[in-house]
Amino acid sequence: MRRNGLHADLVEKLRVDDELHRSIRVEDRAGTAATVPLEEALILDTAEQRRKLILSVLTEDPVQYYDLLQQARMNDDSEVVHYAATAMAQISKQADLALQQDARRFADDPNDREVLAAYANALERSLKLGLAQGRAAQLQRQQLERLLKMQMANQPKEEQYGLGCRLAKVQLELAEYAAAEQTLAELTARWPVRETPWLLRLRSAAARKDGAELARWLVEMERAQVYLSAAGRREVDFWKGGGQP
């Protein structure tokens with residue numbers, strides 16, 4: 001600054017900065033507002049657009065859109081149904097083949113940590129996709145529980161959080177509530193402000209229809225000042241009676 005105003009060099013810099021600001025391209029909000037979720041597109045768009053949508057999904061990574069493909073299989077457009085059913089059959093075939101390969105590798109070398117992790121991931125993926133049903137799915141969950149315990153035994157305690165959460169989820173799916181509570185108690189004691197173990201405790205109490213315990217965990221979460229994500233807050237509000245999770 002000079003006594004009589006801004007230095008000439010500074011004035012020039014401000015002018016350049018203003019031009020740069022004006023040249024910045026802002027996202028087209030109108031275009032963003034016009035987009036709709038893929039699920040809605042299957043219902044609202046024309047037959048041609050629905051077919052293009054399914055074909056675009058198939059050229060990307062169809063596994064991540066598995067839930068969408070399941071919905072598309074129920075569509076009233078026979079061509080969309082055909083594409084979706086074909087993709088799901090291919091995904092199932094590939095996942096089943098990968099699971100068999102990982103199972104064989106684990107049987108040959110159960111002490112290899114990478115082989116163990118790959119087999120556990122393959123089982124988890126199979127269960128998530130619903131490739132096994134009934135007794136077969138139950139056996140897969142029991143095997144997954146065993147594998148996760150083996151992985152945790154080989155990990156330092158400070159690195160067991162993710163594995164512990166996965167283990168507790170499987171134990172809840174197996175209705176092994178006492179074992180799940182032991183796992184979750186250890187997790188909440190070691191990581192008291194992380195949300196996943198607490199949310200799993202809420203689900204466990206709800207599954208057992210234990211309203212008193214559900215209310216107790218909600219109070220304990222507030223006392224522990226658990227950090228909640230947006231999804232976590234929605235779930236807590238749901239258990240408090242505030243709507244859908």
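Trainee: Which pattern does the protein follow, read along the sequence?

Mentor: This is a predicted model, in which local features need pLDDT of at least 70 and side-chain atom pairs count only at pLDDT 80 or more, while totals for chains, interfaces and linings use all residues. Residues are numbered from 1 along each chain as its sequence is written, and side-chain values use heavy atoms, with hydrogens and water left out. Helices (DSSP runs of H or I, at least four residues) and strands (runs of E, at least two) are numbered from the N terminus. The protein has 13 helices and zero strands, and its pattern along the sequence is α-α-α-α-α-α-α-α-α-α-α-α-α.

Trainee: What percentage of the residues of the protein count as buried?

Mentor: A residue is buried under 20% relative accessible area, exposed over 50% and partly exposed in between (1.4 Å probe, protein chains only). Of the 245 residues of the protein, the buried share is 31%.

Trainee: Which element gives the largest share of the lining of the largest pocket?

Mentor: A pocket is an open set of points on a 1 Å grid over the protein atoms alone, with protein on both sides within 12 Å along at least five of seven lines; a cavity is a set where a 1.4 Å probe fits but cannot get out, and lining residues have an atom within 4 Å of a point. The lining of the largest pocket includes Glu124, Lys128, Arg166, Lys169, Glu173 and Arg203. Two or more lining residues come from each of α7 (113–129), α9 (161–173) and α11 (195–207). The largest share, five residues, belongs to α9.

Trainee: Why do the buried residues of α13 lie on the same side of the helix?

Mentor: In α13 (residues 230–239), the buried residues are Gly232, Glu235 and Val236. They are on the same side of α13 because the arc that they cover around the axis is only 100°; the arc is that of the directions from the helix axis to the C-beta atoms. Contact means heavy atoms within 4.5 Å, and what covers these buried residues includes α11 and α12 (211–224).

Trainee: Which helices hold tryptophan 198 and tryptophan 217?

Mentor: These two residues form an edge-to-face pair, 6.1 Å centre to centre with 70° between the planes. The pair ties together parts 19 residues apart in sequence, because the tryptophans lie, in that order, in helices α11 and α12.

Trainee: Which residues does serine 126 touch, not counting those up to four places away in sequence?

Mentor: Serine 126 has its place in helix α7. It is buried, with a relative accessible area of 3%. With residues up to four places away in sequence not counted, serine 126 touches Leu99, Leu131, Ala132 and Gln140.

Note on methods:
Rings of Phe, Tyr and Trp (its six-membered ring) pair if their centres lie within 6.5 Å; planes under 30 degrees apart count as stacked, over 60 as edge-to-face and the rest as tilted.
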